[in-house]
Amino acid sequence: MTTTKTIRELVSQRERFDELKRKRFNHFGLLPVPESWMEEPEIKTMPLKHHKTKRPSVIYVIDSDTQRRTWYSFQIADNKHWKDWYAIGMEDCEVGHAWISATYSDWNDPDYEGVESRVTWYVSFAHDGSPQHEFWGWHINEVSVSHAYERKLRNKTPMTYQYECIDIDGKPVEFKITADGYHACQVNAKAKVDADPNLFPFSENSYFRSVMLVHMKGG
């Protein structure tokens with residue numbers, strides 16, 4: 001699935017990519033992203049070293065032939081959008097490479113409907129010569145993306161929904177919320193329950209027992 005970008009957007013993304021494409025080993029930084037609306041993930045490139053045991057918070061580049069951990073690894077800071085990281089490639093005594101991929105997910109954008117996208121970074125690793133005189137680290141050559149859904153603007157037609165939660169005694173309570181679109185109604189309804197000490201979610205898995213459209217402008 002493709003998206004249309006202006007020349008200005010493409011140039012801006014290219015400049016940002018060039019700014020972020022080199023990372024030294026054992027350094028913090030940001031990974032470039034293929035879409036301007038994506039949040040750049042914060043990364044720490046680990047030192048060039050084989051770990052005898054797997055560390056829980058570390059993501060390893062897996063050798064495509066042996067299926068073993070290479071000496072290339074990294075950590076990603078906690079992020080609400082990025083998940084399911086995976087890296088595969090190869091190592092050599094002087095160079096290496098990897099395809100690193102992750103899923104970008106965002107269902108809470110107030111202006112756009114939910115997105116689920118798989119992003120892949122093609123990275124080459126350099127560690128030839130002396131690290132005092134040569135660049136040792138990552139070189140991000142390319143970033144690509146595949147979108148599961150087309151990114152669309154949310155419907156912001158004014159509408160009213162009726163919600164049912166419970167009170168402190170577990171008895172049902174109904175109230176109405178009017179806002180610009182279903183997503184805004186949902187956000188405002190949950191905020192109302194959270195802010196009112198007399199209201200509680202219906203269960204651990206669901207804020208509301210029922211949600212019913214009462215009125216939509218033009219409907």
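Select Y104, which lies in strand β7; strands are DSSP runs of E with at least two residues, and helices are runs of H or I with at least four, both numbered from the N terminus. Y104 is buried, at a relative accessible area of 1%. Buried means under 20% relative accessible area, exposed means over 50%, and partly exposed is in between, using a 1.4 Å probe and protein chains only.

The model is predicted: local features need pLDDT of at least 70, side-chain atom pairs count only at pLDDT 80 or more, and totals for chains, interfaces and linings use all residues. Residues are numbered from 1 along each chain as its sequence is written, and side-chain values use heavy atoms, with hydrogens and water left out.

Y104 and V119 are 15 residues apart in sequence, and their C-alpha atoms are 7.2 Å apart in space.

Now go to E94, in the loop between β6 (82-91) and β7 (95-106). E94 counts as partly exposed because its relative accessibility is 40%.

Finally, show the whole chain. The chain has 2 helices and 13 strands. Its radius of gyration, taken over C-alpha atoms, is 23 Å, well over the 17 Å that the globule rule gives for 219 residues, so the chain is more spread out than a compact globule. That rule is 2.2 Å times the number of residues to the power 0.38. Of the 219 residues, 36% count as buried.
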